[in-house]
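Hi,

Here's the structure I promised to pass along. Have a look first, and my notes on what turned up follow below.

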Amino acid sequence: MRVNDIAPDFTLPDHDGVERMLSTMLDSGPVVLFFYPAAMSKGCTKESCHFRDMGAQFAALGAQRIGISMDSIERQATFSEHNGLDYPLLSDQGGRVAALYGVKRPVDFLKVRRTTFVIDRDRRILDVIASEINMNVHAERALNALRARVD
């Protein structure tokens, strides 16, 4: 997936077991969809907490943060509760959605490439952020893409 591509629609359960559909979530505004390899791991915790801590800035731009990994609903729920995350974490067990977005790894270790997609209401991808090393760049660049959208 690249900038200006149309993001594939999907439905997955969140950490509470509620089915979430991308196109329905986009009715409320842009979505920042970030794929992370494993809930409860050091890097994923840092990235997810950074998205949490920048929540007011995303809200000011009308954007929703959505985390997604191949972890089970139960593991996502534990991860969310343990870190006080205030946004949905989607469970993509089996990696069907990760494969649609081109971020699923061919081996199960680290399951997906850490990648963030900034998706506008029309499902057009505004930015793709890929960094395995700098956990904070995902939220910061996503905010920049959203700001450029409204400017």
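A salt bridge here is a side-chain nitrogen of Lys or Arg within 4 Å of a carboxyl oxygen of Asp or Glu. Keep in mind that this is a predicted model.

By that criterion, Arg124 and Asp120 pair up through their side chains, with 3.7 Å from N to O. Arg124 is partly exposed at 27% relative accessible area, while Asp120 is buried at 9%. Asp120 also has a salt bridge to Arg149, at 2.6 Å from N to O. Arg149 belongs to helix 6 (residues 137-150) and Asp120 to the loop between strand 6 (115-119) and strand 7 (125-130), so this contact ties together parts that are 29 residues apart in sequence. Arg149 itself is partly exposed, with 32% relative accessibility.

Over the whole structure, the search came back with 10 salt bridges. Another one of them joins Arg20 to Asp14, whose closest N and O atoms are 2.9 Å apart. Arg20 is partly exposed at 28% relative accessible area, whereas Asp14 is buried at 1%.

Then there's helix 2. Which residues of helix 2 are buried? They are Gly43, Cys44, Thr45, Glu47, Ser48, Cys49, His50 and Phe51.

Cheers

Conventions
Residues numbered from 1 in each chain as written. Predicted model: local features only at pLDDT ≥ 70, side-chain atom pairs only at ≥ 80, totals over all residues. Heavy atoms only, no water. Buried < 20%, exposed > 50% of the residue type's maximum accessible area, 1.4 Å probe, protein only. Helix = DSSP H or I, 4+ residues; strand = E, 2+ residues; numbered from the N terminus.
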